[in-house]
Amino acid sequence: MIKDSSANGADPSHPSPHELSKPSEPYELLAPAGVTPWTSHKDMQDVSFELLARHLMTPVTQQAWDELRSVRRRLLVDLLLYDVDLAAELPVAVEDIDRALAAEPDPPGGNPTAHPEDLVDLIRFDV
């Protein structure tokens, strides 16, 4: 899924318009600085120094770095790296969920529906 930009002689600091639409673009643009999907979040914060040291910091690479240094945005970029056939996967997922729910006992009090106020303590947005 990660394209080696040096294999076709492309300059990663000047992507073509076609390359800008690919989900793996930020990783491709930052590959010369050693960035991969396996780069830790801590290391990602320091990538700008490597880009500056190698004279690779351009508006395009800075935008790519901005996309990957934010946890929320990086998760979205990482999600888009995977090619998933939703039409094929959703029915299987629904069957798995239905099977898991059928195996669970009814909640206390015999009320099979959960109320949003009961779930507030379970939902956290700490990203």
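What does the accessible surface of the protein come to, and what share of it belongs to carbon and sulfur atoms? The accessible surface is about 9400 Å², and carbon and sulfur atoms account for 60% of it. Such areas are computed by the Shrake-Rupley method with a 1.4 Å probe, and for residues only the protein chains shown count as cover.

A word on the basis of these values. This is a predicted model, in which local features need pLDDT of at least 70 and side-chain atom pairs count only at pLDDT 80 or more, whereas totals for chains, interfaces and linings use all residues. Residues are numbered from 1 along each chain as its sequence is written, and side-chain values use heavy atoms, with hydrogens and water left out.

Let me turn to the fold. The protein has 7 helices and 0 strands, giving the pattern α-α-α-α-α-α-α along the sequence. Helices (H or I, at least four residues) and strands (E, at least two) are DSSP runs, numbered from the N terminus. Among contacts, meaning heavy atoms within 4.5 Å, between residues at least 6 apart in sequence, 55% join residues at least 24 apart.

Next, the interior. Of the 127 residues, 21% are buried; buried means under 20% relative accessible area, exposed over 50%, and partly exposed in between, with a 1.4 Å probe and protein chains only. The largest nonpolar core has 13 residues, and Leu-30, Val-35, Val-47 and Leu-68 touch the most other members. Helices α1, α3 (47–53) and α4 each supply at least two residues of this core. A nonpolar core is a set of buried Ala, Val, Leu, Ile, Met, Phe, Trp, Tyr and Cys residues joined through side-chain atoms within 4.5 Å. Leaving aside residues up to four places away in sequence, Val-35 touches Tyr-27, Leu-30, Met-44, Val-47 and Leu-68.

Where is Thr-39 found? Thr-39 lies in the loop between α1 (25–30) and α2 (41–45), and it is buried, at 13% relative accessible area. A polar atom of the Thr-39 side chain lies 2.9 Å from the backbone nitrogen of Thr-36. Beyond four places in sequence, Thr-39 touches Gly-34, Met-44 and Arg-74.

Arg-74 is paired with Asp-78 at 3.9 Å, N to O. Both lie in helix α5, 4 residues apart, about one turn of the helix, and both are buried. Asp-66 and Arg-69 form another bridge, with the closest N and O atoms 3.0 Å apart. These two are separated by about one helical turn because they are 3 residues apart in helix α4 (residues 59–69). Asp-66 is partly exposed at 21%, and Arg-69 is partly exposed at 34%. Arg-54 and Glu-50 also meet in a salt bridge, at 2.5 Å, N to O.

Finally, the surface. Tyr-82, Val-84, Leu-86 and Leu-90 make a nonpolar patch of about 450 Å². Patches are made of residues with over 30% relative accessible area and no salt bridge, like charges being joined within 9 Å and nonpolar side chains (Val, Leu, Ile, Met, Phe, Trp, Tyr) within 5 Å. Tyr-82 sits in the loop between α5 (71–80) and α6 (86–103) and is exposed, at 62% relative accessible area.

Definitions and conventions
A salt bridge is a side-chain nitrogen of Lys or Arg within 4 Å of a carboxyl oxygen of Asp or Glu. A polar contact is a pair of N or O atoms within 3.5 Å; within protein, one must be able to donate a hydrogen and the other to accept it, and residues adjacent in sequence count only if both atoms are side-chain atoms.
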